[in-house]
Amino acid sequence: MDYVAAALVEPALTQPATGTVHHLTNPRPTPLGNLLDRLVALGHPSTVVSEQAWGEALRVAAATAESPTIATVRALEAAGPRSDEASGRYRFDDRNTRTALDRSGLRCPSVDDTVVDRYPTAAMDSGFLPDP
């Protein structure tokens, strides 16, 4: 969070307010598989299924469950795929942010297992994710 806070503040302090968009991305994103591996390491069972089976499970959950998360799934599905969604790739142009941060020397830290573990652990502590 320290990096994110600093990366948000840096352009605000060093550049004029011209309405320029600054997307903050990780130059070395963590693959979803790493998160799944960490969930297994924390004791959560995992089953590999096809993309079709996963999609069907989401459709069933969206049709039968009541929760804010499922409401979001319903809304996304109702909107239908856009070209970037259909391709499975979301692209954010972070050139403005990289330019601002390169001048400051601020660098995104590596996301290792310790960092990844914080998120499911916090989700379990809050009750959002059940304990294994």
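1. What is the relative accessible area of Val9? In this predicted model, the value for Val9 is 40%. Val9 is therefore classed as partly exposed, since that class lies between the limits of under 20% for buried and over 50% for exposed. Val9 is situated in helix H1, which spans residues 2-14.

2. Val9 also takes part in a nonpolar surface patch of about 440 Å².

3. As to the overall fold, the protein chain contains 7 helices and 0 strands. Read from the N terminus, the order of elements is α-α-α-α-α-α-α. Among contacts with a separation of 6 or more, 69% involve residues 24 or more positions apart.

4. On burial and surface, the protein chain has 132 residues, of which 15% are buried. The chain exposes about 10,100 Å², and carbon and sulfur atoms account for 59% of that area.

5. The largest pocket has a volume of about 990 Å³. Its lining comprises 22 residues. Those nearest the centre of the pocket are Leu32, Leu36, Leu39, Trp54 and Leu58.

6. Two or more lining residues of the largest pocket come from each of helix H2 (32-41), helix H3 (51-64), helix H4 (68-79) and helix H7 (113-126). Helix H2 supplies the largest share of this lining, with 5 residues.

Notes
Residues numbered from 1 in each chain as written. Predicted model: local features only at pLDDT ≥ 70, side-chain atom pairs only at ≥ 80, totals over all residues. Heavy atoms only, no water. Helix = DSSP H or I, 4+ residues; strand = E, 2+ residues; numbered from the N terminus. Buried < 20%, exposed > 50% of the residue type's maximum accessible area, 1.4 Å probe, protein only. Contact = heavy atoms within 4.5 Å. Areas by Shrake-Rupley, 256 points an atom, 1.4 Å probe, with all protein chains shown as cover. Patch = residues over 30% accessible without salt bridge, like charges linked within 9 Å, V, L, I, M, F, W, Y side chains within 5 Å. Salt bridge = Lys/Arg side-chain N within 4 Å of Asp/Glu carboxyl O. 1 Å grid on protein atoms, 1.4 Å probe; cavity = no way out; pocket = protein on both sides within 12 Å on 5 of 7 lines; lining within 4 Å. Points joined across faces, edges and corners; volume = space filled by probe spheres on them.
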